[in-house]
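Work through the exercises below with the structure open. Try each task before reading its solution.

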Amino acid sequence: MRRSLLSLVGFFFIALPVAADAETVTTWDLTEGFAQQGWQANTNLQMTQTANGIRLQPQQAEATLRRTVNITHNIDVLRLYYSTPKEIEIKALWSNLESGVNSYLSPILLEATTNTKIIEIDYTRFETWHAHPTSLGFWLPLGADVTIEKMELVGWNPIEKLGALVRGLWHFDNIQPYSVNFLWGPRMSFHPVQTKQMFWTQPPGTKSANWLMYGTLGIGAVYIWLRKKRWHNFALLIACLWVLYDVRMGAEFLSYTYDDYQTYHSQEVGTRTFRDRRYFNDLASVVAPVVQNHDKFIFVTENRWPYLGLIRYYTYPSIPTHPFDGNANVYPIWIVYRRPDITMNSQGQLVSSQQILSPPGQMLHEFEPGSFIFQAKL
Amino acid sequence: MNIVAFVIGMGIPTLIGWLLVRLTEQDTPVLSVYERWVVAFALGITATMFAFFVGEESGFMQFTAANFLLLATVLLIGLGTWYMRVRIHWPKNTVQLVKNTPLSRKKKIILFALGSWTILKICNAAFLLIASPPYLDDVFNNWNMRGKMYYVTQELELTMEIGNDITSDAGVSSYPPTVPLVKTWLATLAGNWNEGLINAPHILWYISVLLLVFFFLRRQTTFFWACIGTYGLSSLPIFTLHAAHAYADVFVAMHVFFVVSCLYSSIATDNDAASVTWLRLAGLGAALLVFTKNEALLLHLPACILLFIVCIYALQKQGVLSRREIQSTVVHNSIALACVLVPWLLFKWAHDLPFGNAKSVSGMDIAWQAGAAKAIWINTFFEGNWILLFPILIGLIVTRWRSAFFSICCIFTAYVLMLLLAQIPLYLFTGLSTEAIKQTGLARGFVQLAPEMVTLVILLYTYKPELDKPTE
């Protein structure tokens, strides 16, 4: 009994099917033969065949483009190869036999790019998704200029999904400001794209793997009750699950240290970054002695949190303040972080969108464009 | 220099704590030698920082190295002299442990594996804590920030400049200054503000609470189950993560566990005189608990006082305590509590500081808060915070309800349920629901209860009703 219990737990959490990332792919190549592929579009959608794919430009109004799907394998993910000169938000649309209704995906943000870029859209995140849609396509807003080179419709079979599930349990979150308040823990994902995108949204788009744990306990309890086994075996099952979960979470904690070591502790100042704060901690350390003889200094940044509190901690008793209400003519030191819109003009003044922000002065140190130490001559 | 400062900075309060604890035990020592040093460290830090607080607020000192060391020396000399005068009449330690059965080879392997894994995680947490730059909000906005303020200004500065010409006169300054003062003390001794140095005590507090749980369980059950309980606590993911960050919830958990375990021990012991000692130690712990975080005053202290009254009543009914002993214990604990509570309350009222966690709890509307129940459900059962702790705890309380409510285990059961039932309605029916919905305060409140919950699991699982105590 104990051996079979341990084997059951071990299978779910340790055994890894050999097929790693195997997938079934159907490719729609839009670099040629677009007209023969059966695409249907609004009359106001201008479609131009180019060497890089089909260029889509809605005219006068938003437009849709779709085609019928005749694929036997299930579709879980769309890999879209595209290019667009400016960032644009489009939507994917599909219909399926059961509902017969057009469904719009949550918006897809296409980043501006000169070369072909790939975006992976996980259809399985959405409740209305059907693994065998009857048609697929896109909605494009007026003003869009998108070239689609290729579409890969990707699916995985149940065995591959089981393997992805087991591997996904060992996909770790990064340490975040919320980690001291809660930890997401292991999540269930059923294909590699879902695993990769697991913590891209808050909360994660995948269910907690605690369901597996409770399910295992439920099955174990029923088995023990039906077979009239000792309940001591149930305690043993709990202990095994507990230790496995501890190993999983302990490994995540070790990964925090590993990531920190790779990006911060093993790197030189100037190249190292610390988690999502990039080099701000080093910047604040450099700034502290510069402002130490000043009661206050001007601090301008892209977002107030967490940078205001963090730099205040480093520079205390010198306190950061804003440039408004005449402060720019009182406090000479400016610390600017990630504000590429703020530059120095030929008179030595800081300007943003042609608005003068400071008296003339000099740049003491530049960390990168938009991040620097400036001293005004007052 | 930082290492020297750390050794002195931790050593002196530990010595002060040792004297306090030993003077509280008097002629009936109940703690083992090593346990007493752990308790001394845990309580001595708080007691010493309280003394610094009183010294500064009384106008006798600023936060300079000379003043710190002078006051600490006065305390050591005073307590030490008192101890030397009375100790000649006191016997040596007589601590009773549950008889151990030899460990099987399988159990030795299990303990070795789990112990090694635990040590690795603690080392990992220590590295994250000491080697990392400040990252979390409450580190650079509260605990470390206030410590630095006191270090720079050399006084208990309450007005915090937020930046952008905004100041806060209350807010986080309403918290007891214990944890920030520890950082001020270490930085002052070292002569510089070093992140690793001032964060290091947090990992010692984490180790201390693990050791307190181990020593307590070792008195109640065998070495194997004491280790399992300690491992269980150390394996809770959110509890371990707090070891790696300079927050104060593990610090509070350490104090709370000491008080509750003393109350339990007062009932569990066979020695009547030892019961009195345990109650006095609980009083000392409860007094210092006030000076940890605001929720210690609002939530933990009332529960501790209630349990203290229950213990007194039970011991009196069993004929363990005489009327005189009850009076003496109540007076002793009341004086100890008053010595900390009165100055702290006067300070809060004098500076118009709120009693809630950086916000006032009075004047809150009572109404059902949508989303709070779901948030509590998910945070407790469907995230990576607690593994199976809550299902196991609930399962044991239900299936072993007689032991949970009608045996000595009821001390821990009562405390856990009181605190859960005190916190959860606040999230469900008041504006504090944002702490649950945004998950900013919910799990951290449970972190303070984690040692009690894990201990209760072990006690209930090993409890033998026919023997009326836990065994193997």
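The bend at a residue is the angle between two axes, one fitted to the seven residues ending there and one to the seven starting there. The model is predicted.

**Exercise 1. Find where H13(B) bends, and by how much.**

Solution. Go to His300(B). H13(B) bends there by about 40°. Now read on along the helix: a proline, Pro302(B), follows within four residues. Then pass the end of the helix. Just after H13(B), Gly319(B) has a positive phi of about 80°.

**Exercise 2. Check the span of H13(B) against its residue count.**

Solution. Helix H13 of chain B covers residues 294-317, which is 24 residues. The expected span is 1.5 Å times one less than the number of residues. That gives 34 Å for H13(B), and the end C-alpha atoms are 34 Å apart, so the two agree.

**Exercise 3. Describe the contact between chain A and chain B.**

Solution. Start with the residues: chain A gives 59 and chain B gives 62. Next, the area. The two chains bury about 5200 Å² between them, with 62% of it on carbon and sulfur atoms. Then count the polar links. There are 34 residue pairs in polar contact across the interface, both residues at pLDDT 80 or more. Salt bridges between the chains number two. Asp246(A) forms a salt bridge with Lys121(B), with the closest N and O atoms 2.6 Å apart.

**Exercise 4. Which element supplies the largest share of the side of chain A that touches chain B?**

Solution. List the elements of chain A that supply at least two residues each: H4 (210-226), H5 (232-265), H7 (307-315) and strand E14 (319-321). H5(A) has the largest share, 19 residues. Finish with the classes: this side of chain A has 34 nonpolar, 15 polar and 10 charged residues.

Methods
Residues are numbered from 1 along each chain as its sequence is written. Chains are lettered from A and ligands numbered from 1 in the order in which they are written. This is a predicted model: local features need pLDDT of at least 70, side-chain atom pairs count only at pLDDT 80 or more; totals for chains, interfaces and linings use all residues. Side-chain values use heavy atoms; hydrogens and water are left out. Contact means heavy atoms within 4.5 Å. Buried area is the accessible area (1.4 Å probe) that two parts lose on being put together, summed over both. A salt bridge is a side-chain nitrogen of Lys or Arg within 4 Å of a carboxyl oxygen of Asp or Glu. A polar contact is a pair of N or O atoms within 3.5 Å; within protein, one must be able to donate a hydrogen and the other to accept it, and residues adjacent in sequence count only if both atoms are side-chain atoms. Ala, Val, Leu, Ile, Met, Phe, Trp, Tyr, Cys and Pro count as nonpolar, Asp, Glu, Lys and Arg as charged, and the others, Gly among them, as polar.
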